[in-house]
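Subject: Structure handover

Hello,

Here is the structure we discussed. My notes on a helix pair and a strand follow below it.

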There are 2 protein chains.
Amino acid sequence: MKNVIGILGGMGPAATADMFQKFIQLTPAKKDQDHIPLLISSIPDIPDRSASILSNGENPKPFMEKYVKGLQVAGATCIIIACNTAHYWFSDLKKRTNIEMLSMIDAVVDAVLNTRMQRIGLLATDATLATNLYKNKLEEHGLTFIRPTIQGQKKVMESIYSLKGGNLKLATELMLAQRDELIKQGAELIILGCTEVPIVLADELKNNPNLYIDSTQVLVQAAIDWYNTH
Amino acid sequence: MKNVIGILGGMGPAATADMFQKFIQLTPAKKDQDHIPLLISSIPDIPDRSASILSNGENPKPFMEKYVKGLQVAGATCIIIACNTAHYWFSDLKKRTNIEMLSMIDAVVDAVLNTRMQRIGLLATDATLATNLYKNKLEEHGLTFIRPTIQGQKKVMESIYSLKGGNLKLATELMLAQRDELIKQGAELIILGCTEVPIVLADELKNNPNLYIDSTQVLVQAAIDWYNTH
């Protein structure tokens with residue numbers, strides 16, 4: 001059987017499109033046929049992940065399950081999710097499918113460990129913070145986890161929702177200020193742990209690639225590696 | 001039933017990603033859930049369309065049929081194809097599916113007619129030229145069809161395959177020269193009638209939007225209009 005990577009996206013669509021672009025950029029291809037086969041679900045009616053975790057909003061899991069199933073029946077043989085917060089449901093989703101699923105959180109933690117940096121900052125959603133998706137795994141490896149202050153985190157969320165609402169300029173200003181705060185707290189490396197953040201900081205990522213771990217990029221690289229070895 | 005637009009892409013992946021981006025840009029959205037639901041097939045092993053038409057290469061139709069079926073079983077209710085040349089098989093594919101399919105060629109011709117311009121240039125693949133996908137429909141409406149010279153068309157193809165091979169700079173230089181030639185021949189409006197060309201001329205499209213019909217953009221708009229009325 002031919003392998004096809006399925007992207008569960010739509011959370012949000014811009015982050016999914018960024019992931020698609022990164023597959024193209026990271027694949028050395030001389031012609032169409034050299035690219036990684038992808039099936040992409042960008043059906044954005046999946047209820048807000050943060051609202052579900054933090055304020056008892058509608059549960060996105062049944063939607064995600066349905067769209068994973070859709071990708072599978074269409075031919076996907078390995079699923080990745082283009083949203084960090086959604087990884088709160090990763091193990092549950094993985095249990096309910098019989099095809100491969102690669103975790104963005106694991107890919108990011110592996111990338112962090114490869115840098116040998118010790119003090120790790122995180123720009124992510126409230127829900128990714130509240131569920132300790134990154135904190136626990138980083139601390140297990142003896143690393144110091146650094147997060148924005150309570151006030152600063154409000155600005156991170158304002159930035160993320162500004163991007164989702166189409167205001168990139170405001171989103172970037174807000175996020176860069178919080179990036180600076182993490183560095184003041186001693187962060188040597190910053191995880192862009194929400195798939196909207198690499199879009200918000202796209203120019204900055206080009207200028208200072210070694211300061212960041214882009215969660216979208218490392219998951220794409222993990223998926224390309226999987227594809228090339230299966 | 002919820003409507004979902006299915007994109008048959010991968011011809012090539014960069015053009016498919018450009019189409020995805022244009023859905024996001026053309027949708028006024030304040031949050032994820034406002035975006036158009038999309039399923040995207042970017043499985044690029046579809047044999048080269050031009051080679052099949054012009055030099056008896058492997059037939060891409062069975063591949064396209066299979067991937068349209070995949071999109072349908074995953075939930076797509078309306079299919080669009082992110083490749084002009086592939087529209088050579090559009091009627092055949094449409095006959096074999098029971099869901100809606102919107103034609104890029106029709107969307108472009110409608111957009112051309114709306115401009116009331118008379119002398120229409122075309123930047124497209126050899127195979128789109130050879131099959132008269134645009135020429136016949138434009139002439140039916142009494143418009144003058146202008147194509148590159150035989151030598152110029154070789155440069156257009158070199159440009160398209162340069163982009164597919166990752167060389168945007170060379171692709172843009174080659175394509176701009178042929179754009180100039182079409183204008184010298186009297187073209188008042190130029191159809192970017194290969195989905196790689198709006199990528200090749202992305203900066204130029206921003207500077208002179210009224211000189212061009214972007215086949216990707218007009219099909220995306222037609223699909224958004226369909227979604228909003230069904």
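A residue is called buried here when its relative accessible area is under 20%, using a 1.4 Å probe and protein chains only. The model is a predicted one.

Strand in chain B

By that cut-off, strand β5 (residues 119-123) of chain B is mostly covered, with four of its five residues buried. β5(B) is joined to strand β6 (residues 144-146) of chain B by three bridges, and these two strands run parallel. β5(B) also pairs with strand β7 (residues 189-192) of chain B, again in the parallel sense, over four bridges.

Helix pair in chain A

Helix α8 (residues 150-164) and helix α9 (residues 168-184), both of chain A, pack with their axes 8 Å apart and at an angle of about 155°. Angles over 145 degrees count as roughly antiparallel, so α8(A) is roughly antiparallel to α9(A). The crossing of the two helices, α8(A) and α9(A), is left-handed.

On the α8(A) side, the residues in contact are Gly152(A), Lys155(A), Val156(A), Glu158(A), Ser159(A), Ile160(A), Ser162(A) and Leu163(A). They meet Leu168(A), Leu170(A), Ala171(A), Leu174(A), Met175(A) and Gln178(A) in α9(A). Sorted by class, the contact of α8(A) with α9(A) comprises eight nonpolar, four polar and two charged residues.

Regards

Definitions and conventions:
Residues numbered from 1 in each chain as written. Chains lettered and ligands numbered in written order. Predicted model: local features only at pLDDT ≥ 70, side-chain atom pairs only at ≥ 80, totals over all residues. Heavy atoms only, no water. Axes fitted to C-alpha atoms, helices over the stretch in contact; angles between N-to-C directions. Parallel < 35°, antiparallel > 145°, perpendicular 65-115°, else oblique. Left-handed = near helix turned anticlockwise from the far one by under 90°. Contact = heavy atoms within 4.5 Å. Nonpolar A, V, L, I, M, F, W, Y, C, P; charged D, E, K, R; others polar. Buried < 20%, exposed > 50% of the residue type's maximum accessible area, 1.4 Å probe, protein only. Pairing = 2+ DSSP bridges.
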